[in-house]
Amino acid sequence: MYCKRRTKQRVAQNGSVGIIQSSRLLKHRCILPAIITLVLLLAGSIQLSRAAFPPAQFEPVQTDDMTRNDFAAFNSPFDCTTAGCHQQLAKTKWVHAPVATNACTQCHESISPLNEHQFIPAPADASACNSCHTFDSAPVSTHEPFQLGTCNNCHDPHGGDRKNYIKAESIKALCLDCHDQTEASFLHHPAAIGDCQACHNPHQSKHKMLLSQSKETLCLGCHQSLDHSDRLGAFSLSTPPVSTHEPVAQESCLTCHLAHGSDQRGILAQSQRSLCIRCHDDLDENLPLAQSVHSPYTEDQSCTKCHSPHDSEHESLLVASQGSLCMTCHDQPIILSDDSQIPDMKKLIEESAVVHEPAALGQCTSCHRPHFSTQHNLLQVGYPEKDYVRFEIDNYAMCIQCHDQIMIEEETSTLTGFRDGGQNLHFVHINREK
């Protein structure tokens, strides 16, 4: 109405020429506001579009040999991701490089003029993937989906909201699509949190079971921080051990442990004693003949009361020096199954005026066997259970191991301190035929 009124006024005052001039002026004054309005609407639309589809993020390091700039060189004639059909493919958090650079024909082959928009379906195998992604030509182990070329089982070919374009909510969920969940009382930490790639490569490996490193290097990558302050004496490269368990020396952790989880503590492959006897079966050969058995030997979970399973600063993988180790139990009276009693050996040794040298030096196994014995009291060889037993070498074999038997057979005064002046009291008190 404003434009029309101005036109009529100019016609009445100025005649026909005025009408022409007014019309030109009217045209400029009416079209300009319309153009400004259109520009503002377009600007608002762009802002809304940016808010709805934030710009995609690109991985700083591609998992393949080609980067985003490499794909830009294709200069595809198609405008797939910026036109109105497939633009959502470029709006995910992580975008596959061909999609990000509009290089769609790198994977999709056109079979018609551009305006007909006809393409050969993307191959179901890995041929399209292998044109960019390179892998080891001679791996030791290969993941089955990768070997079959079914890359799309795990990856979205265009992109996704998760790194590496995985289809599942997490690496753990992706792996459990095919692999059973480990149901166990004790789980290896990576398995418990679903960090499968802490140990395994997803595609192929130069090692068995898709391990990312050799198994010994892989385990010590996490477990080398443990030291001998651990009761189990965990293997440590920084402390040269005095004794090392053979599986550790051979770097064969799976001899004793399961990789993912177990119902046994320490994710052991079997109960502790069964696991130990599996290799140390020679120890059990004479067990039926045993007259005395050290209680930790027959109790499960007791081998590590005395021995480290990995390595030790002491001989025989002991967790402490022999004398100290024995006194962790023998520092009090012990009642046996037959109601007999072993005295408090620690107190007895500390308070006695005269102490047998092996006991004083903490060399308990000089006389006693640590596991079981065919003799009473875990003795190494024969010694009478009662006093004044008739002398025979076999009866007193324990003594003859260290002491010269002449002191029993002859009235010598030089081989023993057990004498009255020059009289050898061993010779006097021995029970023999006259």
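Begin by selecting S262 together with Q264, where the side chain of S262 reaches the backbone nitrogen of Q264 at 2.9 Å; this is a polar contact, a pair of N or O atoms within 3.5 Å in which, within protein, one must be able to donate a hydrogen and the other to accept it, and residues adjacent in sequence count only if both atoms are side-chain atoms. What you have open is a predicted model, in which local features need pLDDT of at least 70 and side-chain atom pairs count only at pLDDT 80 or more, while totals for chains, interfaces and linings use all residues. Residues are numbered from 1 along each chain as its sequence is written, and side-chain values use heavy atoms, with hydrogens and water left out.

Keep S262 selected and show the secondary structure, since S262 lies in strand β9, residues 261–262; helices (H or I, at least four residues) and strands (E, at least two) are DSSP runs, numbered from the N terminus. Is S262 buried or exposed? S262 counts as buried because its relative accessibility is 6%, where buried means under 20% relative accessible area, exposed over 50%, and partly exposed in between, with a 1.4 Å probe and protein chains only.

Now turn to the cysteines. A disulfide is a pair of cysteine sulfur atoms within 2.5 Å, and by this rule the count comes to zero. Select C219, which is in no disulfide, and find the nearest cysteine sulfur, that of C253, 3.7 Å away; C219 counts as partly exposed, because its relative accessibility is 27%. Then select C279, also in no disulfide, for which the nearest cysteine sulfur, that of C256, is 6.6 Å away; C279 is partly exposed, with a relative accessible area of 49%.

Finally, show the whole chain and colour it by pLDDT, the predictor's confidence in each residue, from 0 to 100. The mean is 78, and 75% of the residues reach 70 or more; confidence is lowest in helix α2 (residues 68–72), at a mean of 46, and highest in helix α14 (residues 345–351), at 95. Select residues 1–28, where the pLDDT is below 50 and where the model has ten contacts beyond near neighbours in sequence, and then residues 226–238, where the pLDDT is below 50 and the corresponding number of contacts is 33. With everything in view, the chain comes to 18 helices and 16 strands, and 25% of its 434 residues count as buried.

Terms used:
Contact = heavy atoms within 4.5 Å.
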